[in-house]
Amino acid sequence: MIRKAEKKDIPGIINLLYQVDAVHNGIRPDLFKGNTSKYTEQELEDILDDGDKPIFVYDDGKISGHAFCQISEVKNHRLLQDAKTLYIDDICVDEHSRGRHIGKALYEYVRDYAKSIGCHNITLNVWEGNDSAYNFYKSMGMHIQKTGMETIL
């Protein structure tokens with residue numbers, strides 16, 4: 001059910017990206033344009049070819065969820081410890097498939113993948129006001145690493 005995304009999955013992924021945008025636009029219309037996708041088909045094809053940016057999909061005959069990931073590594077930094085990190089850029093479950101624990105399955109798959117490639121940690125960002133995402137990630141065992149703040153002028 002969960003696997004690395006392929007080019008044939010792009011239409012389903014784009015559908016989910018529109019749903020992600022709707023959530024973000026609903027929370028922060030001052031930052032996010034409505035009714036759009038974060039990536040074009042060509043940009044998604046390029047990402048699929050990038051080994052440091054795996055995309056995983058939940059495929060149950062259609063793409064019912066995705067997890068966009070980015071792998072980064074710190075080595076020989078003067079201040080920071082050497083560490084490999086998997087950043088979850090986005091997890092989305094199709095609005096018609098929610099309640100079936102697809103998000104949990106995707107998160108656990110990503111967690112196991114991160115362990116298998118020697119990551120020290122998993123990080124992500126949650127927009128203030130996206131309480132369902134915040135509560136979901138807390139239920140997965142995540143905790144606050146740092147807090148970003150802003151002043152709107």
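Select helix α3, residues 102-116: at 1.5 Å a residue its 15 residues should span 21 Å, and its end C-alpha atoms are 21 Å apart, which agrees; the expected span is 1.5 Å times one less than the number of residues. Helices here are DSSP runs of H or I with at least four residues and strands are runs of E with at least two, numbered from the N terminus. This is a predicted model, in which local features need pLDDT of at least 70 and side-chain atom pairs count only at pLDDT 80 or more, while totals for chains, interfaces and linings use all residues. Residues are numbered from 1 along each chain as its sequence is written, and side-chain values use heavy atoms, leaving out hydrogens and water.

Next, colour Ile102, Gly103, Leu106, Tyr107, Val110, Tyr113 and Ala114, the buried residues of α3 (under 20% relative accessible area, with exposed over 50% and partly exposed in between, for a 1.4 Å probe and protein chains only). They cover an arc of only 135° around the axis, which puts them on the same side of α3; the arc is taken from the directions from the helix axis to the C-beta atoms. On the other side of α3, Lys115 and Ser116 are exposed.

Now centre on Tyr107, which is in contact (heavy atoms within 4.5 Å) with residues including Ile88, Ile122 and Phe136.

Finally, move to Asn130, in the loop between β5 (121-124) and α4 (131-139). Asn130 counts as buried because its relative accessibility is 12%, and, not counting residues up to four places away in sequence, Asn130 touches Val23 and Ile27.
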